Amino acid sequence: MADSVAVVDYGMGNLRSVSQAVMHAADRAGVEVFVTSDPQVVRDATRVVLPGQGAMPDCMRELRESGLLESVLEAAASKPLFGVCVGMQMLLSHSEEGATDGLDLIAGRVVRFDLEGRHQPDGSRYKVPQMGWNQVRQARPHPLWHDVPDNAWFYFVHSFYARPDDPRHSLGEADYGGTFTAAVGRDNIFATQFHPEKSADFGLRLYQNFLHWTP
């Protein structure tokens with residue numbers, strides 16, 4: 001199918017808000033959006049969005065049991081793929097959450113915030129998960145940052161974050177008790193820890209850029 005995006009439905013993604021945001025971005029791009037649990041639709045799509053929500057062990061188990069794992073790996077090898085939240089964490093090699101192996105598409109680990117007893121500049125304690133808006137510094141140039149200003153605000157909900165082995169795979173960074181990776185990527189893969197679909201205009205711009213991205 002020409003000019004289409006498959007939003008992968010393996011039972012664990014924030015599908016409604018992700019798919020609505022992608023559909024909104026696709027309105028004027030002439031791109032069809034399919035929310036699908038069919039591996040063949042994922043294979044046939046020209047682009048793939050991998051959302052994720054909840055615990056990493058549950059997401060990896062559901063992806064395997066849904067029969068979608070192989071089609072996602074095929075997509076990651078051959079076409080633009082956008083991972084969101086736990087969908088980003090799944091791209092890495094291993095997660096501390098439940099000692100879970102990921103897809104190993106980007107070498108690295110997913111680790112938990114260690115902020116117990118620490119205080120923010122305003123005197124309040126750091127809370128885990130981080131919930132709310134945070135600024136993202138563009139650590140590396142990338143086509144998906146087009147028309148997104150450096151240090152733009154995006155919405156986060158997470159207790160774990162990616163730590164890529166190769167710093168070149170860290171495309172965006174934020175600060176929460178220290179610098180952490182907020183966006184990763186290589187080749188035809190781009191992924192964010194934050195939720196573009198909950199991040200107003202700049203989140204929508206990322207999805208729009210993804211629909212026009214030709215790695």
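## Residues with positive phi

In this predicted model, Asp-187 is exposed, with a relative accessible area of 58%. Asp-187 belongs to the loop between strand S12 (179-186) and S13. Although Asp-187 is not a glycine, its phi is positive, at about 50 degrees.

Cys-85 likewise has a positive phi, near 60 degrees, in a residue other than glycine. The loop that holds Cys-85 runs between S4 and H5. Cys-85 counts as buried because its relative accessibility is 5%, a value under the 20% limit for burial. Most residues other than glycine have a negative phi, and most peptide bonds are trans.

## The cis peptide bond

Val-128 and Pro-129 are joined by a cis peptide bond, with omega about 10 degrees. Pro-129 is located in the loop between strand S7 (106-112) and S8.

## Strand pairing around S8

Strand S8 (residues 130-138) pairs with strand S9 (residues 152-158) in the antiparallel sense, over seven bridges. Within this pairing, Trp-133 has Tyr-155 of S9 as its bridge partner.

S8 also pairs with strand S11 (residues 170-175), again in the antiparallel sense, over two bridges. Here the bridge partner of Arg-137 is Glu-173 in S11.

## Strand pairing around S5

Strand S5 (residues 92-95) pairs with S7 in the parallel sense over three bridges, and Leu-92 has Ile-106 of S7 as its bridge partner. With strand S6 (residues 100-101), S5 pairs in the antiparallel sense over two bridges. Ser-95 is bridged to Thr-100 in S6.

S5 and S6 form a hairpin with four residues between the strands. In this hairpin, Gly-98 adopts a positive phi near 75 degrees.

## The buried side of helix H4

Helix H4 (residues 69-78) has the buried residues Leu-69, Ser-71, Val-72, Ala-75 and Ala-76. These residues lie on the same side of H4 because they cover an arc of only 165 degrees around the axis. An α-helix has 3.6 residues a turn, so residues three or four places apart point the same way.

The elements that cover the buried residues of H4 include strand S1 (4-8), helix H2 (39-44), strand S3 (47-50), helix H3 (56-65), strand S4 (81-84) and strand S13 (189-192). On the face of H4 turned away from its buried side are the exposed residues Ala-77 and Ser-78.

## His-195 and its contacts

His-195 is situated in the loop between S13 and helix H6 (200-212). With 3% relative accessibility, His-195 counts as buried. Leaving aside residues up to four places away in sequence, His-195 touches Val-84, Cys-85, Tyr-155 and Val-157. Among these contacts, Cys-85 is the buried residue with positive phi described above, and Tyr-155 is the bridge partner of Trp-133.

## The largest pocket

The largest pocket holds about 190 Å³ of space. Its lining consists of 13 residues, and those nearest the centre are Gly-54, Val-86, Val-157, His-158 and Ser-159. One of these, Val-157, is also touched by His-195.

Helix H5 (86-89) and S9 each contribute at least two residues to the lining of the largest pocket. In terms of class, the lining comprises five nonpolar, six polar and two charged residues.

Notes
Residues are numbered from 1 along each chain as its sequence is written. This is a predicted model: local features need pLDDT of at least 70, side-chain atom pairs count only at pLDDT 80 or more; totals for chains, interfaces and linings use all residues. Side-chain values use heavy atoms; hydrogens and water are left out. Two strands pair if DSSP finds at least two bridges between them. On a 1 Å grid over the protein atoms alone, a cavity is a set of points where a 1.4 Å probe fits but cannot get out, and a pocket is an open set with protein on both sides within 12 Å along at least five of seven lines; lining residues have an atom within 4 Å of a point. Grid points are joined across faces, edges and corners, and a volume is the space filled by probe spheres set on the points. Ala, Val, Leu, Ile, Met, Phe, Trp, Tyr, Cys and Pro count as nonpolar, Asp, Glu, Lys and Arg as charged, and the others, Gly among them, as polar. Buried means under 20% relative accessible area, exposed over 50%, partly exposed in between (1.4 Å probe, protein chains only). The arc is that of the directions from the helix axis to the C-beta atoms. Contact means heavy atoms within 4.5 Å.
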